[in-house]
Each structure stands twice: as structure tokens, then as C-alpha cells.
Amino acid sequence: KKNKERADIPRVKMNELDPEYRSHTRLEEVNLGLTKEQAMQEAQRCLDCPNPTCMQGCPVNINIPTFIKNIERGEFLEAAKTLKETSALPAVCGRVCPQETQCESKCVRGVKGEPVAIGRLERFVADWYRENVNAMPEKVPSNGIKVAVVGSGPSGLTCASELAKKGYEVSIFEALHTAGGVLVYGIPEFRLPKAIVANEVEKLKAQGVTVMTDMVIGKVLSIDELFEELGFKAVFVGSGAGLPMFMHIPGEALKGVCSANEYLTRINLMKAYKEEYDTPILHSKAAAIVGGGNVAMDAARCAKRMGAEKVYIVYRRGEAEMPARLEEQHHAKEEGIEFMTLTNPVEILGGEDGRVNGMKCIKMELGEPDASGRRRPIPVEGSEFVLDVDTVIMSLGTSPNPLIRSTTPGLETNKKGGIIVDENEMSTRENVFAGGDAVTGAATVILAMGAGKKAAEAIDRKLQNK
Ligand code: FAD
Ligand code: SF4
């Protein structure tokens with residue numbers, strides 16, 4: 001096809017569930033994926049650039065034009081192979097990566113129009129592979145060297161898979177009762193079905209990786225014990241950043257206030273959405289979610305699905321500054337979530353029963369940029385008002401849990417609690433490597449995967465004296 005003809009094809013739209021229907025169903029995935037025909041047509045929009053700038057925007061450098069050209073030809077298996085060369089979890093990334101600020105933001109088609117829908121094509125290929133081939137990987141003969149991985153989020157899963165491919169005997173120690181990290185306890189089913197993550201864990205097991213759940217490292221076993229008593233030669237710490245922050249305003253101890261992480265864990269992992277489960281959960285009529293990231297959007301959309309009539313996103317900056325992916329903001333609005341931007345809580349009000357009975361807020365305006373480069377929000381004097389809510393869910397960000405640091409001599413962390421590592425993801429403790437949110441603080445799935453892969457290569461070099 002000539003470039004002119006390719007340029008005339010409009011960007012494919014994602015097939016989605018109707019907003020009214022989906023905001024009352026709890027489980028069903030909102031995005032339905034592309035059909036074969038849609039994917040092949042979208043692939044024709046790619047110009048197969050000699051200098052594919054899209055690849056520069058991908059943190060793991062997926063060979064984007066090659067996998068897209070394979071889709072155009074209908075060679076889906078080849079497309080899947082190309083993805084697998086660099087991305088361990090394409091079905092996950094195709095669903096949750098912020099493509100609009102990564103690969104798609106660098107696609108030349110975006111200069112004059114809309115970029116190629118790279119994320120949607122990635123998801124299409126990964127789903128096609130899972131539904132039509134789903135081959136379990138072969139177990140590589142063991143080299144007899146044991147490596148432990150702490151945490152089963154995207155960093156830990158990727159590190160374990162890469163090490164298993166090299167013949168290491170890998171054991172994952174996961175604190176929760178299900179493997180997958182934020183992919184299962186944070187991101188809701190309607191955005192990332194648990195079965196997709198479970199399928200990845202099954203593939204790891206087929207590679208010979210042992211996955212042990214309910215194993216809190218720092219309590220059940222220490223890192224010292226992993227080395228000295230259990231014979232592990234290296235440890236990768238991918239324990240994430242699960243410690244929620246609060247605002248420290250009056251009323252945060254009232255019944256009806258909780259962190260987004262806790263709220264989402266109760267819904268996702270402890271199945272509070274199922275009638276037959278007794279999991280205690282806040283049943284709200286009107287909920288305020290404080291924050292503007294992906295976690296806030298997920299909590300808001302869950303609150304709506306759990307039956308809240310009114311759900312507000314309360315965010316102190318403007319909509320342009322919101323860190324959440326655009327798609328999540330768009331979906332949240334479609335589902336009836338009200339955005340109260342340039343608004344900051346100052347006090348949570350309580351009734352005589354000790355429960356939340358409103359939230360006092362103040363209006364904000366944007367001043368000069370602060371250290372983060374974003375314009376600093378400043379309170380507007382005399383603009384206080386009370387928002388009528390019975391639930392407040394704090395989604396202000398998270399930091400790494402101090403448990404591993406406090407039980408591992410020689411492991412140094414920075415001011416924010418992140419494990420200090422060198423360019424090879426090696427920590428200050430001999431043969432302990434770390435990556436993902438445990439190092440960077442809350443970030444993204446793809447960066448966590450990239451760190452896990454890099455650490456696996458560094459562990460291999462270190463243990464084999466390469
Ligand atoms: P995690 O996924 O946090 O996994 C860490 C694992 O370690 C957990 O399972 C934890 O239980 C376990 N663990 C912790 N301490 C111990 C211990 N002492 N012993 C044993 N195990 C331990 N990113 C995106 O790219 N796109 C999105 O749309 C997106 N949405 C998000 C929505 C929510 C609600 C949240 C919370 C995050 C979201 N993120 C998103 C961020 C992304 O999920 C994280 O950056 C990523 O999961 C980090 O991976 P990780 O492997 O470092 O850690
Ligand atoms: Fe295709 Fe866009 Fe990448 Fe060019 S920049 S190769 S058009 S996806």
C-alpha cells in the first residue's frame with residue numbers, strides 16, 4: 001500500500017462495554033479487544049518507518065514495526081514471537097501501559113493525526129496467542145544454582161522467568177495468598193482479568209519456577225536465612241511499594257476512611273464484590289476518592305460498581321496535570337464519576353457515630369511550577385465548602401514497605417524508602433538485587449518488568465563470574 005492510502009485509514013476504536021451497563025456489573029472487562037479484521041486494518045496505518053521513533057518510546061524496546069507488519073500480513077504467530085523477544089507480559093502491557101506517553105507519543109503518524117494504536121495491537125496479538133496457541137514453555141535443564149525472588153509482581157515474575165530460561169532453580173516468595181502483585185491485588189478485573197495473570201504464573205511454573213505464597217520475607221524467613229539456611233546464591237527483591245500515604249488532616253481516623261490500596265485489595269483479592277464472601281468493605285452512598293492517578297481512577301470505578309450513587313474524584317491540581325492514563329479518566333467520566341479538580345480536602349467531618357459525615361474542602365488555583373515541574377496548587381482563601389460524602393478513599397501515592405530493609409543488614413535505602421541499587425540493579429548488600437517499585441517508588445508495570453529483566457542478566461553475570 002502507498003503511504004497516502006495508509007494515511008487515509010482512520011485509527012481503530014476499541015470495542016467497549018456500554019458505560020451504563022458496565023458501571024453496574026462488577027467483573028466484566030470494559031475493553032473488549034479488536035477483531036482480526038480491525039487489527040489487520042489498523043496495522044496498515046503503520047508506515048514501517050526506516051527510523052521507527054515509536055521504539056524509542058518503549059521502555060523495553062519492542063520491535064514495533066516488525067510485530068505490526070506481521071499483523072498486517074495475518075502472521076499472528078510471528079507477531080507474538082516478536083513481542084515475546086522483549087516483553088514478558090504482552091497481554092498485561094497491551095492493557096495497562098500508558099502508551100499515550102510512551103510508544104504512541106513518539107509515532108510519526110501522531111504528528112499530523114492520530115498515532116498507530118500500538119497498545120491495542122499488542123493486546124490483540126497477545127490475546128490471539130493465548131486463545132489459539134497458548135504453548136507452555138519448556139523447562140530448561142537446571143544448572144543447580146538456586147536464586148530467590150521476593151515478590152510476585154511484574155518485576156519478580158519477569159526476573160524469575162528470565163533466570164529460569166538460563167537454567168537457574170528459582171523460587172518466588174510472595175507475601176499474599178495469590179501471585180501477581182498489583183496485577184491481581186490492585187488493578188481491577190474490569191481492566192485486567194485475573195485469568196490473564198494466572199496464565200502467566202502457570203507458564204512460570206511450567207518453566208520450573210516454584211511459587212510459594214503466604215511467605216512474608218522479613219517475618220517468616222529473613223534474607224539472611226534464604227542465603228545461609230536455604231542455600232540461595234542470590235536474591236532479587238521485587239517487593240513493590242505497597243505502603244499507602246495519608247494527608248494527616250483531622251478526621252482521617254474516622255470509620256469510612258481508608259487507603260485506595262486497602263479498598264482495592266478487599267475488592268480484588270478478597271472478593272468483596274461477591275455476595276457469597278463475607279469480606280468487610282465500605283458500602284458507600286457517596287464516596288470521595290482523593291488523588292488523580294490510575295489508582296484513584298480504579299478505586300472510583302470500583303466504588304461505583306459496589307453501588308455508590310455518587311462518586312467524586314477530588315484532586316488538587318487541574319485535569320491537565322492528572323497523572324492517570326487518559327483512557328482511565330475517559331472511562332471514569334463515562335461511568336458517571338464526577339471530577340472535582342482544583343479542590344483539596346482540609347478536614348473529614350464525623351457524625352456522633354464516629355463515621356464520616358462529609359468532607360470539608362478548599363478550592364485551589366495553580367501558581368508557579370514546583371520541583372516536580374507541575375504548577376503548584378495554592379488554596380483560594382475563603383473558598384471552603386463541605387462535600388456530602390460518607391466514604392473517603394485516600395489515593396495519594398505509596399512508598400516501599402520498610403520490612404525488608406529493617407530485617408536485612410547492609411541493605412541501604414534512600415529517603416523515600418527505595419532500595420539503593422547500581423546500574424545493574426545490585427543493592428548495597430552482596431548478591432542482593434532489587435527492582436521495580438521497591439527501588440523507584442510507585443511507577444509502572446513496564447518499568448518494573450524492565451528492571452526484573454536487567455537484574456536477571458546481572459545476577460547471571462555475577463554468579464557465573466562473566
Ligand atoms: P508489585 O506489583 O507491587 O508486587 C510486589 C509484590 O511483592 C506484591 O505481591 C507484594 O505482596 C509482595 N511483597 C511485598 N513485601 C513482601 C515481603 N516482605 N515478602 C514477600 N513478598 C512481598 N502501572 C501501569 O503501568 N499501568 C496501570 O494502569 C497501572 N495501574 C495501577 C493501578 C493500581 C491500583 C496500582 C496500585 C498500581 C498501578 N500501576 C499501573 C502501577 C504498577 O502496577 C506497579 O508499578 C507495578 O505493579 C510494580 O511492580 P513490582 O513488581 O515492582 O511490584
Ligand atoms: Fe509504525 Fe508509527 Fe512506529 Fe512509524 S513510528 S514504525 S508509523 S508505529
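Guide: Helices (H or I, at least four residues) and strands (E, at least two) are DSSP runs, numbered from the N terminus. With that convention, α16 gives the largest share of the shell around ligand 1, three residues. This is a predicted model, in which local features need pLDDT of at least 70 and side-chain atom pairs count only at pLDDT 80 or more, while totals for chains, interfaces and linings use all residues. Residues are numbered from 1 along each chain as its sequence is written, chains are lettered from A and ligands numbered from 1 in the order in which they are written, and side-chain values use heavy atoms, with hydrogens and water left out.

Visitor: Which residues come nearest to ligand 1?

Guide: A residue is near a molecule or strand if one of its heavy atoms lies within 4 Å of it. Of the 34 residues around ligand 1, the nearest are Val96, Ser155, Glu174, Ile217 and Asp437.

Visitor: Which atom of Ser155 lies 2.8 Å from an oxygen atom of ligand 1?

Guide: A polar contact is a pair of N or O atoms within 3.5 Å; within protein, one must be able to donate a hydrogen and the other to accept it, and residues adjacent in sequence count only if both atoms are side-chain atoms. For Ser155, a polar side-chain atom lies at that 2.8 Å from the ligand oxygen. With Ile217, a backbone N or O atom is 2.8 Å from a nitrogen atom of ligand 1. On its own, ligand 1 has 1000 Å² of accessible area, and the protein covers 93% of this; such areas come from the Shrake-Rupley method with a 1.4 Å probe, and for residues only the protein chains shown count as cover. Two or more residues of the shell come from each of α11, α16 (294-305), α18 (403-407) and α20.

Visitor: How many residues of α11 are buried?

Guide: Buried means under 20% relative accessible area, exposed over 50%, and partly exposed in between (1.4 Å probe, protein chains only). In α11, eleven of the twelve residues are buried, including Pro154, Ser155 and Thr158. The cover includes β3 (146-150), β4 (169-173), α12 (182-185), α13 (194-206), β6 (234-237) and α20 (445-463).

The expected span of a helix is 1.5 Å times one less than its number of residues. Helix α11 (residues 154-165) reaches 16 Å from its first C-alpha to its last, close to the 16 Å expected. Just after α11, Gly167 takes a positive phi of about 100°.

Visitor: Is Thr158 buried or exposed?

Guide: Thr158 counts as buried because its relative accessible area is 2%. Contact means heavy atoms within 4.5 Å. Leaving out residues up to four places away in sequence, Thr158 touches Ala88, Met449 and Lys453. By contrast, Ala253, in the loop between β7 (243-244) and β8, is exposed, with a relative accessible area of 80%.

Visitor: Which strands pair with β16?

Guide: Two strands pair if DSSP finds at least two bridges between them. Strand β8 (residues 257-259) runs parallel to β16 and is joined to it by three bridges, with Cys258 partnered by Ile393. Strand β9 (residues 286-290) also pairs with β16 in the parallel sense, over four bridges, and there Ala287 has Thr391 as its partner. Both faces of β16 (residues 391-394) are covered: Thr391 and Ile393 are buried on one side, Val392 and Met394 on the other.
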